[in-house]
Amino acid sequence: MYKLARSSSRDSGRSAGPFSVDLGLPLLYPYGMNENKSETAVRLWRMVQTQAGLSRRKAQELIGSGEVELNGRIVDDPFLSVEKQTIATLCLRGHPLSLCDPEHRVYRYHKPPGVLCSHDDPHCGNTAGRILRSEGFIGYTWAGRLDQDAEGLVLLTNDGGLVEILTHPRYRVKKVYHVFVPRFPPIREMKRIFSEMQRGIEEGNERLRIVAGEMSGRPLRAVLTLAEGKKHEVKRLFSHFNLKVIRLRRVAIGPVKLSGLAPEEIVRLDPATVASLDRLTGKKP
Ligand code: URA
């Protein structure tokens with residue numbers, strides 16, 4: 001079981017076309033014709049995803065199968081661009097969705113091994129998406145995946161801009177990992193390995209690189225700082241040196257730390273950490 005910690009009308013007919021709706025307002029623009037769209041325009045699938053708390057795939061599928069009505073008309077193109085201020089009603093399977101923008105929030109989640117960072121997975125019921133839905137996190141997603149067998153800090157947020165900043169390699173937000181292998185080479189050899197990792201390692205078509213590495217703690221672990229967020233990057237870096245990672249724990253993302261959070265716990269960020277995250281993402285001075 002996972003714990004949430006306390007803290008502070010059917011068919012009005014197919015749309016006649018995407019260019020006008022009942023309000024008589026120019027509401028929708030077909031995909032590819034959005035060069036002049038305003039900042040309040042949003043793809044229909046994104047609106048449905050956010051307000052109904054669905055995965056991107058599910059939102060697109062439901063729109064495509066005619067389950068979404070906009071201002072009383074079925075609209076089946078998930079990629080239509082919609083001017084927010086012209087939406088009077090948005091319904092999913094006949095149920096009205098909120099049109100208000102949500103307040104942005106961030107929570108720390110201590111992901112245990114076994115949970116898959118996916119909204120839906122036909123082969124695994126133990127997904128982060130299921131946990132979010134069952135706990136009322138509508139419109140939330142995680143900023144940065146962890147492998148299913150990895151554990152540690154995952155940030156949950158309904159702020160898409162924050163997800164972009166925390167996960168895109170261009171922003172170089174530092175993440176710290178504790179890495180365990182069955183038997184580490186001697187310290188001098190590990191220092192050489194960390195130096196090579198700092199210079200960068202060609203793996204597949206990518207260059208993997210760490211910011212810093214050191215040995216620490218009991219049981220002994222490698223403490224690695226990375227700033228890119230490529231798939232399986234820690235395991236790939238270690239496998240380059242024939243070292244098999246048997247336990248991987250993320251302990252920090254930028255200024256946010258895992259410490260004090262029990263496995264499976266979800267806790268809202270305290271105001272001081274929100275402020276340091278805002279400074280990192282440039283939201284506030
Ligand atoms: N690197 C990995 O190999 N796995 C993760 O889950 C995160 C970083």
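Modeller: N71 is buried, because 22 other C-beta atoms lie within 10 Å, and the cut-off for buried is 20 or more. Bear in mind that this is a predicted model. N71 sits in the loop between strand 3 and strand 4. The backbone at N71 has a positive phi of about 50°, although the residue is not a glycine. Most residues other than glycine have a negative phi.

Strand 3, residues 68-70, pairs with strand 4 in the antiparallel sense over two bridges. Within this pair, E69 is opposite I74 of strand 4. Both strands belong to an open sheet of four strands, whose order is 4-3-6-7 and whose pairing is antiparallel. Strand 4 (73-74) and strand 7 (95-96) are the edges of the sheet; each has a single partner strand, so one side of each has no neighbour in the sheet.

R93 lies in the loop between strand 6 (90-92) and strand 7. Its phi is also positive, near 50°, in a residue other than glycine. The surroundings of R93 are another matter: R93 counts as exposed because it has 10 C-beta neighbours inside 10 Å, and the limit for exposed is 12 or fewer.

Earlier in the chain there is a pair of packed helices. Two packed helices are described by the angle between their axes and the distance between the axes. Helix 1 (residues 44-52) and helix 2 (residues 56-64) pack at about 115°, and their axes are 9 Å apart. Their crossing is right-handed. From helix 1 the contact takes L44, W45, V48, Q49 and A52, while helix 2 supplies R56, A59, Q60, L62 and I63. By class, the residues of this contact are seven nonpolar, two polar and one charged.

All seven of the seven residues of strand 10 (residues 151-157) are buried, so the strand is largely enclosed by the rest of the structure. Its pairing partners can be listed in turn. Strand 8 (residues 106-111) pairs with strand 10 in the antiparallel sense over six bridges, and V106 stands opposite T157 there. Strand 9 (residues 141-143) also runs antiparallel to strand 10 and is joined to it by three bridges; W142 has L156 of strand 10 as its bridge partner. With strand 16 the sense is parallel, and there are two bridges. In that pairing, E151 is opposite R249 of strand 16.

Strand 16 also contains L248. L248 is buried because 22 other C-beta atoms lie within 10 Å. Leaving out residues up to four places away in sequence, L248 touches A150, Y177, V179 and V234. The C-alpha atoms of L248 and V181 are separated by 9.1 Å, and these residues are 67 apart along the chain.

I246 is in the loop between helix 6 (233-240) and strand 16 (247-253). I246 counts as exposed because it has 10 C-beta neighbours inside 10 Å. With residues up to four places away in sequence set aside, I246 touches F180, V181 and P182.

The residues around it are L146, D147, A150, H232, E233, V234, K235 and L248. Helix 6 gives the most to this shell, namely three residues. By class, the shell has four nonpolar, one polar and three charged residues.

One more backbone feature is worth noting. R218 and P219 are joined by a cis peptide bond, with omega about 0°. Most peptide bonds are trans. P219 is in the loop between strand 14 (212-216) and strand 15 (221-226).

As for the setting of these parts, the protein chain has seven helices and 18 strands. Of its 285 residues, 31% count as buried; N71 is buried too, with 22 other C-beta atoms within 10 Å.

Technical notes:
Residues numbered from 1 in each chain as written. Predicted model: local features only at pLDDT ≥ 70, side-chain atom pairs only at ≥ 80, totals over all residues. Contact = placed C-beta atoms within 7 Å. Near = placed C-beta within 6 Å. Nonpolar A, V, L, I, M, F, W, Y, C, P; charged D, E, K, R; others polar. Axes fitted to C-alpha atoms, helices over the stretch in contact; angles between N-to-C directions. Left-handed = near helix turned anticlockwise from the far one by under 90°. Pairing = 2+ DSSP bridges.
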